[in-house]
Amino acid sequence: MPFDLSAQFKPTGDQPAAIEKLVHQLRGGVQEQVLLGVTGSGKTFTAANVIAQLQRPTLIISHNKTLAAQLYQELKEFFPHDNVHYFVSYYDYYQPEAYLPQTDTYIEKDADINEEIDRLRHAATQSILSFPNTIVIASVSCIYGVGNPATYLALSETIREQSTLPRHKLLKALISMQYARNDLINLPGTFMVRGESLEITSPSDAMITKIDFWGDTVERITLLKNNVAKEKMQTVPEIKIFPAKHFVTPEDSLTAALNSITIELDERLAELKAQHKELEYQRLKSRVTYDREMMRATGYCNGIENYSRHIDGRKSGEPPFTLLDYFMLATQGTKTTPFLTFIDESHISVPQIRGMYFGDKARKQTLVDHGFRLPSALDNRPLTFAEFKQKVGTTIYVSATPAEYELRQAITSYDAAHYIPVLNADEALPTDAPSHPAIVQQLIRPTGILDPAITILPARTQMQDLRKRIAATIARHERVLVTTLTKRLAENIQDYLIEHGIRAAYLHSEVKTLERPEILRKLREGKVDVLVGINLLREGLDLPEVSLVAILDADQEGFLRNATTLIQTMGRAARHPQGKVVLYADKMTPSMQFAIQETERRRAYQDAHNKQHGITPQALHKEIKPLDLVTPQQKSIAQIWKNTLANASAQEAQKLLARLHEQLQEQAKNLEFEQAAKTLETIQELSKKIEQNS
């Protein structure tokens, strides 16, 4: 199905010209462009129009999960009938495996996986391989390994009504796809056998596929909601069942991988022995032998991603398979090749992508040198920037403050497409670079709102002054953003404001992924009046109720107070007609000077446009909606056990308890400690219920 853009308004201001230029140049073979759009100019709507006109599968990369969630919600509204997905790191907490030689300290990998986000990741990869009208909003985690898409697709099973399919063969296929049997409850990535029926719960959502057999014939395929009643959704003629995990291995590939791991282990052990590294020798031998036997027995082991090179059959140094490879496989040999990529807030996203590889390599090299991992673990890594460039689709860099790299890439790409001599690497950008055809500018806000007025006040009295300004802003039923330099200070300021009767909250990287949009929604609704943060309150956040942005210690020159950061942060007040920015500083820095001048230039540009066209700045009225990252079916997963226990009779509860004890023993036997812990919690809850009712 084609993309179907749904919007209650049409492009205005600079948007029509920007859309036309971007589309025209993409169709003309220009591979990279820049959309230079000021805050509030409708860059997301422009991007949506480009997607609708080009009709290409699209990847949008954002530098943080909060902004990715906002983009997801906006694009979901623009494309309500299409497949819009969210793909970010599924860790709420992540401590990577590491070794500190100085203190002989080994730090085991520790992670708190968010199961809801894991399902969203599965939904994204499945949609890419199934539907051309797919948009995925991703964080920079899209450059990390996620399993071979060709294997993922090859192992999937298409089931058709009235086809001949022995049930035992399908069960064997499900096991090879890493589904687990669970006859108690329909959890994602499990299957349940009920007489002549088989219920398969997809890892991507809470939908159940019920397959009724008549002998070896598939009699009926029914889709059910994963709730206590298992309500019927629809009957379908066929369905494709995708693997339960992204890292899956066919049996023949697993045998080859185990042989390859054994060869590498023998070679590495010989090296360590020759170097008289007995401790490292024993470490490595013990670790890899255990992992190898786990994979041989179950097809999986903790840390299996460290053997991904062997499992994928890649050569040493070859890049891992990432989300980009799913797009490449889906568009291979089609008219839509290549897929379309937007890099949002490119001035910060591009450096993030560029730097991921080096930090990861340094940590893993230490593990390899001291016998904790095989050298092939180094190939379980993020992409290098050069590899990213080779895999990524036709690219549009989006930013209010594009860096020199993006400007240079766009100009070079345009010139190459038009047979114009391109810039040399050491050649300075022309002074009129922003007016180049490849730099598409969008400086006019459809609302007519000007860039905020700026006030500079002494830093030494910033908290006392800030409190008074916050009180005045709240009295007008408007909101405030406060940016500071550290997480601890953000938390302390929140506590300080609460002590003075102000409803405040903080937002920084330690706040869980799915909690961040909820905090922003509370700010918009007025349940929170002041939001304190560090760098998550900079790029892209759409908060039209915010009329005051306070930047504490603005004269502390550095990453958090450079010209780009200041312009971006000040832009958060550019969605309100009375937007104001207060810079608390005891001196004028070069970054402050540049940021103020650029903001004043853009303010004057919009003001002149308003006067020429008789435009009166209008407040932006944007409906406040809860962020629906998780479908109602997915939300019900957490309630399934609770509802099951609540509705169970005493006899049913005893049966459930007996089955749970069997499941706990099986999980302990298989060393599935995390699952066993969850099962134990359920046993304890069920035991309390039985005791209360007895």
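Visitor: Is Glu97 buried or exposed in this model?
Guide: The model is predicted. A residue counts as buried under 20% relative accessible area. Glu97 has a relative accessible area of 7%, so Glu97 is buried.

Visitor: Which side chain meets Glu97 in a salt bridge?
Guide: Side chains of opposite charge can pair when their charged atoms come close. Here the N to O distance is 3.2 Å. The partner of Glu97 is Arg287.

Visitor: How many residues apart in sequence are the parts that Glu97 and Arg287 tie together?
Guide: Glu97 sits in the loop between strand 4 (91–95) and strand 5 (98–100). Arg287 belongs to helix 8. The pair therefore ties together parts whose separation in sequence is 190 residues.

Visitor: How do the axes of helix 7 and helix 8 run, roughly parallel or roughly antiparallel?
Guide: The axes of helix 7 (residues 251–274) and helix 8 (residues 278–298) come within 10 Å. They cross at roughly 175 degrees. Angles over 145 degrees count as roughly antiparallel. Helix 7 and helix 8 are therefore roughly antiparallel.

Visitor: How many charged residues are in the contact of helix 7 with helix 8?
Guide: Helix 7 contributes residues including Leu254, Leu258, Ile261 and Arg268. Helix 8 contributes residues including Tyr281, Leu284, Val288 and Arg292. By class, the contact has ten nonpolar and two polar residues, and its charged residues number six.

Visitor: Asp451 forms a salt bridge with which residue?
Guide: The closest N and O atoms are 3.2 Å apart. Asp451 counts as buried at 8% relative accessibility.

Visitor: Arg460 and Asp586 meet in a salt bridge; how many residues apart in sequence are the parts they tie together?
Guide: The N to O distance of this pair is 3.4 Å. Arg460 is in the loop between strand 20 and helix 14 (462–475), and Asp586 is in the loop between strand 25 and helix 18. The separation in sequence is therefore 126 residues.

Visitor: Which of these describes Arg460, buried or exposed?
Guide: Asp586 counts as partly exposed at 48% relative accessibility. Arg460 has a relative accessible area of 66%. The cut-off for exposed is over 50%. So Arg460 is exposed.

Visitor: What span should the 24 residues of helix 18 have?
Guide: Helix 18 covers residues 590–613.

Visitor: Which strands and helix do the buried residues of helix 18 pack against?
Guide: The buried residues include Met592, Ala595, Ile596, Thr599 and Arg602. An α-helix has 3.6 residues a turn, so residues three or four places apart point the same way. The buried residues of helix 18 pack against strand 1 (32–37), strand 20 (453–457), helix 17 (563–570) and strand 25 (580–584).

Visitor: What residue with a positive phi follows helix 1?
Guide: Helix 1 (residues 15–27) has 13 residues and reaches 18 Å from its first C-alpha to its last. Its buried residues include Ala18, Ile19, Leu22 and Val23. They pack against elements including strand 1, helix 2 (43–54) and helix 13 (404–417). The residue after helix 1, with phi near 100 degrees, is Gly29.

Visitor: What is the phi of Gln162?
Guide: Most residues other than glycine have a negative phi, and most peptide bonds are trans. Gln162 lies in the loop between strand 9 (157–160) and helix 6 (167–176). Gln162 is exposed, with a relative accessible area of 52%. Its phi is positive, at about 70 degrees.

Visitor: Is Asp553 buried or exposed?
Guide: Asp553 lies in the loop between strand 24 (546–551) and helix 17. Its phi is positive, near 50 degrees. At 18% relative accessibility, Asp553 counts as buried.

Note on methods
Residues numbered from 1 in each chain as written. Predicted model: local features only at pLDDT ≥ 70, side-chain atom pairs only at ≥ 80, totals over all residues. Heavy atoms only, no water. Axes fitted to C-alpha atoms, helices over the stretch in contact; angles between N-to-C directions. Helix = DSSP H or I, 4+ residues; strand = E, 2+ residues; numbered from the N terminus. Parallel < 35°, antiparallel > 145°, perpendicular 65-115°, else oblique. Contact = heavy atoms within 4.5 Å. Nonpolar A, V, L, I, M, F, W, Y, C, P; charged D, E, K, R; others polar. Expected span 1.5 Å × (residues − 1). Buried < 20%, exposed > 50% of the residue type's maximum accessible area, 1.4 Å probe, protein only. Salt bridge = Lys/Arg side-chain N within 4 Å of Asp/Glu carboxyl O.
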